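Dear colleague,

Please find below the structure that I am handing over to you. My notes on what was found in it follow directly after.

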Amino acid sequence: MTETRLNVDIYSDIACPWCFIGKRRFERAVAALPFGENIDVKWHAFQLDPSAPEHFEGSGADYFVKERGMPAEQIEGMLDHVSTQAAAEGLSFDMASVRPTNSFTALRLLALAKDRGLGDTMKEVLLSAHFEKGVDTGNIQELQLIADSVGLDPAESAEVLAGERYGQEVRADGVRGRELGVSGVPFFVLEDKYGISGAQPSEVFEQALRQVWDEISTTTQTLQPIGAASPDGEACGPQGCN
């Protein structure tokens with residue numbers, strides 16, 4: 001008898017704080033399930049802001065004020081809320097040190113890591129570097145150090161970082177996500193059938209995974225809300241994070 005596997009596709013960006021928080025909440029749900037080892041996760045790129053500059057001189061708050069025209073008070077409240085929620089998940093966000101940058105190159109590096117069986121590790125390291133360590137994740141030298149730290153071949157990662165390799169794959173992920181109706185991340189797709197939007201509480205993820213485990217089917221082609229998942233779960237969109 002073929003072993004049952006539950007497939008989960010996660011659309012996210014490494015420059016999205018709710019993607020890191022949602023990752024932790026999802027992981028807690030998986031760890032609580034007796035079939036957690038039978039859940040296969042595949043990361044997909046969904047770049048929130050393709051127009052973002054490669055480098056921006058200033059903080060994340062400065063970027064949203066200057067480039068997006070958002071009120072400083074609104075940004076301060078948003079960052080405080082995100083940091084509080086992150087701390088509750090054991091994450092140490094340093095929002096004042098976050099370096100605004102274009103995430104495309106980092107997402108290409110992540111695509112390489114996925115091909116080499118290191119996707120989960122690379123995703124974690126990139127998110128931590130961006131939100132906890134103040135690393136400029138748009139800087140090729142910094143990304144090379146990250147690639148070396150997770151065990152990628154130095155020559156291959158250098159080739160990827162210096163060129164356009166995996167650019168097509170990153171763009172294709174974004175196109176597929178938009179076809180599914182993804183407009184903000186994180187976004188979780190269970191068995192190509194159910195969609196969960198935002199960094200929902202761990203209990204919501206657990207309930208959804210249990211439900212799908214009991215009724216695994218790949219016949220439905222349109223995504224449906226599942227369980228107690230709220231349609232307005234906290235997420236990041238092109239104009240910022242709620």
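**Surroundings of H130**

Leaving aside residues up to four places away in sequence, H130 touches I14, A15, V98, R99, T101, V135 and T137, where contact means heavy atoms within 4.5 Å. Please note that this is a predicted model, in which local features need pLDDT of at least 70, side-chain atom pairs count only at pLDDT 80 or more, and totals for chains, interfaces and linings use all residues. Residues are numbered from 1 along each chain as its sequence is written, and side-chain values use heavy atoms, with hydrogens and water left out.

H130 lies in helix α5; helices (H or I, at least four residues) and strands (E, at least two) are DSSP runs, numbered from the N terminus. With a relative accessible area of 3%, H130 is buried. Buried here means under 20% relative accessible area, exposed over 50%, and partly exposed in between (1.4 Å probe, protein chains only). The side chain of H130 also makes a polar contact of 2.8 Å with the side chain of T137. Such a contact is a pair of N or O atoms within 3.5 Å; within protein, one must be able to donate a hydrogen and the other to accept it, and residues adjacent in sequence count only if both atoms are side-chain atoms.

**Aromatic pairs**

Rings of Phe, Tyr and Trp (its six-membered ring) pair if their centres lie within 6.5 Å; planes under 30 degrees apart count as stacked, over 60 as edge-to-face and the rest as tilted. By this rule there are 7 aromatic pairs. The ring centres of F26 and F188 are 5.4 Å apart and the planes stand at 25°, so this pair is stacked. F26 belongs to helix α1 (residues 17-32) and F188 to strand β3 (residues 187-190), so the pair links distant parts of the chain, 162 residues apart.

F93 and F131 form another stacked pair, at 5.2 Å centre to centre and 20° between the planes. F93 is in the loop between α3 (72-88) and α4, while F131 is in helix α5, 38 residues apart. Both residues are buried, and ring pairs link F20, F93 and F131 into a cluster.

**Helix α4**

Helix α4 comprises residues 104-115, and 10 of its 12 residues are buried. Its buried residues pack against β2 (39-45), α5 (119-131), α6 (140-150), α7 (154-162) and α8 (167-179). Just after α4, G117 takes a positive phi of about 75°.

Yours sincerely

Definitions and conventions: The expected span of a helix is 1.5 Å times one less than its number of residues.
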